[in-house]
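Please look over the chain below.

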Amino acid sequence: MPSVGDRRRRSVNFLSVPRIWDAMTTTHESDVLVVGAGPVGLMLANILGMYGRSVTVLEALDDLIDYPRGVGLDDESFRTIQTVGLVDSVRPHTNPQHIMRLVNGAGKVILVNNPQTRDFGWERKHGFIQPEVDRALYNGLHRFENVRVLFGHRVERVDEDADSVTAIASVTDADGRTTEHRFRAQYLVGCEGGKSPTRKRMGVSFEGESPSTRWLVVDVENDPLGTPNVFLGADPKRPYVSIGLPHAVRRWEFMLHDGETEEQVTDPRFVDALLAEHVPGPSQLQFIRRRVFTHHGRVASTFRKGRQIIAGDAAHLMPVWMGQGWNSGMRDATNLGWKLATVLSGQADDSLLDTYTAERKDHAQAMVDLSLTFGKFIKITNPVTAALRDGASTVLNFFPQVKSYFADMRFKPMPRYTRGVVVDPTAQTAGRAAAELTSRLVPVRTANNTTSPVGVQFPQPRVNSRHGSDVLLDDAIGNWWSVIVWGNDPTAVLPRSALDKLELLGAKLVAIVPETQRTWAEEYMNDDVLVLGDHTGQVKKWFDDRPTPMIFLRPDRFVAGACLTQHGPATLDSILEAMSFTGRPAPVAAAASLVS
């Protein structure tokens, strides 16, 4: 019988797409070229395929990477996975509600991170097996006739002109003969990792730091511990990490001391000595890999130059401490995907793509800074400083508000876009949005919450409709623009001119009412309005706290505008200005929704 490792390796051994293209005499056309078949490139291709765009993914390797890398998947990423209809494929390779415990050198827990909220419809944290999830993203592309992945295609040169970008890729056949192939598209997105040739071609800086501290990562199967969560060992003798992952995989990471060479620390005897404090028989473990790595914290100065764009590790490198490398790349794809689809359909001009950097760069930098800071907190090796840290943590745990601040993960900065496709909720200014509601109207002055919802993700509660009960909001409203109004019929509170613009935009009109009123609303509201019943009370509470009963929701589930209904027309006009709207109808593919 094959071992677990044999089954895993076979399950990720994808067949490469046959290299059937002609040589340099033929140029192969698509809307977008994606360089790199990692998770970000695969997700971006899924989003663009969902919107009906043609995509060619060029990957230099002959296969997907088949060993674990990232281990943490958050609720924002799972919401994107839901949008592209791959929840059922991804879910079996995850460990929901992944709890993190920080322990000191004596093994005492000094901090717990176990967020319980499901604001975006999914658990805040998941452990996951990246090769299997990447595989699900890759297999998801088989649904789209207009998307192809070509392995063994190394991009050697890129030519750009005013109308297109052309990649010249080298391909080596089984006999060792190398030929060149040309691929042309309107845009090229580099998702090739931290050493990104696309970023280097763009000539942009990659600023930040690469701490000299090195770590040894050890992955084993048939987990010898069985604990399903995460322990961060803040042991001044040698900080370590121990992570329980799905499919009986265990990961350890050990900080290396100066003078310990890579050859030395990857020697099985050295690894066995490190593991001896964790398992009784380290030599009996089934190892997947032993590898040395260094943390990097860097962010590119811009994510776009002309027709070339970067995403994921090509745009920012995250230290591992907050588990945000994979997830930050998913945020990039989520933000960029709908914007590329919009520009390619002619709904917006090229300047919409500039908002990608404006919206994503600051949050990527914030996550890098937080990860670096958290890493410095963990890897203290001075015994006196470590004792002070442990003592301070113990004292702070006596304060419930401080304890919950860490337990609920409120220290993690959520994305808030103050520039880009957003509108200020007070002044209706296009392209910028303050974080506070400052109107002097009574509804604002008496509101429970005057923090603006513009520029942040809208929550995803469960709702009822005539089409289904207890469904997640995104599955009900589809994958494009939406206008959500609490209690009112959108066609009754917006003038015909605004409704005509929303029709061109392709926005779905949504009314959410208490479940007790849903049958009435379905009978008396306009047939073009999707009526949703709030049977949990979560939507009612959200709107009760905020004086913004009308929400303009972008395809990436971020709020572009939020206002009183009488400010709706002005807010809509400013949104269209902020996104450089051309007035062309929405792409047909945007009307469909992929259901997992």
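The report starts with the whole chain and then turns to helices, sheets and one loop.

## Basis and overview

This is a predicted model, in which local features need pLDDT of at least 70, side-chain atom pairs count only at pLDDT 80 or more, and totals for chains, interfaces and linings use all residues. Residues are numbered from 1 along each chain as its sequence is written, and side-chain values use heavy atoms, with hydrogens and water left out.

The protein chain holds 19 helices and 32 strands. Helices (H or I, at least four residues) and strands (E, at least two) are DSSP runs, numbered from the N terminus. The chain has 596 residues, and 57% of them count as buried. Buried means under 20% relative accessible area, exposed means over 50%, and partly exposed lies in between (1.4 Å probe, protein chains only). Contact means heavy atoms within 4.5 Å. Among contacts with a separation of 6 or more, 71% link residues 24 or more positions apart.

Two packed helices are described by the angle between their axes and the distance between the axes. Here axes are lines fitted to C-alpha atoms, for helices over the stretch in contact, and angles run from 0 to 180 degrees between N-to-C directions. Angles under 35 degrees count as roughly parallel, over 145 as roughly antiparallel, 65 to 115 as roughly perpendicular and the rest as oblique. A crossing is left-handed if the near helix is turned anticlockwise from the far one by less than a right angle, and right-handed if clockwise. Nonpolar residues are Ala, Val, Leu, Ile, Met, Phe, Trp, Tyr, Cys and Pro; charged ones are Asp, Glu, Lys and Arg; the others, Gly among them, are polar.

Helix α3 (residues 75–83) meets helix α9 (residues 325–344), their axes coming within 9 Å and crossing at roughly 45°. That angle makes α3 oblique to α9. The crossing of α3 and α9 is left-handed. On the α3 side the contact uses E76, S77, T80 and I81; on the α9 side it uses W326, N327, M330, R331 and T334. These residues divide into 3 nonpolar, 4 polar and 2 charged.

Helix α2 (residues 39–50) also packs on α9, with axes within 9 Å and a crossing of roughly 30°. The two helices α2 and α9 are therefore roughly parallel. Their crossing is right-handed. From α2 come P39, V40, M43, L44, I47 and L48, which meet α9 residues including W326, M330, A333 and W338. The contact of α2 with α9 has 13 nonpolar, 3 polar and no charged residues.

## Other helices

Helix α16 (residues 496–505) and helix α19 (residues 568–578) have axes that come within 10 Å and cross at roughly 35°. This crossing is left-handed. A498, K501, L502 and L505 in α16 touch L572, D573 and L576 in α19. By class, that is 5 nonpolar, no polar and 2 charged residues.

Helix α5 (residues 130–140) is mostly covered, with 9 of its 11 residues buried. Among them are E132, D134 and Y138.

## Strands and hairpins

Two strands pair if DSSP finds at least two bridges between them. An open sheet of 3 strands runs in the order β14-β20-β23, with antiparallel pairing. β14 (206–209) and β23 (316–317) stand at the edges with a single partner strand each, so one side of each has no neighbour in the sheet. β14 joins β20 (residues 297–300) through 4 bridges. G208 stands opposite R298.

Strand β12 (residues 178–185) pairs with two strands described here. β1 (residues 27–29) runs parallel to β12, with 3 bridges, and E29 has R184 as its bridge partner. β11 (residues 165–172) runs antiparallel to β12, with 8 bridges, and V171 is partnered by T179. The hairpin of β11 and β12 has 5 residues between the strands, and G176 takes a positive phi near 85°.

Strand β24 (residues 419–423) has 4 of its 5 residues buried. It joins β25 (residues 430–432) by 2 antiparallel bridges, with R419 opposite R432. In this hairpin, with 6 residues between the strands, Q428 takes a positive phi near 55°.

## An exposed loop residue

A106 sits in the loop between β6 (100–104) and β7 (109–113). A106 is exposed, with a relative accessible area of 76%. A106 and A234 are 128 residues apart in sequence, yet 9.3 Å apart in space, C-alpha to C-alpha.
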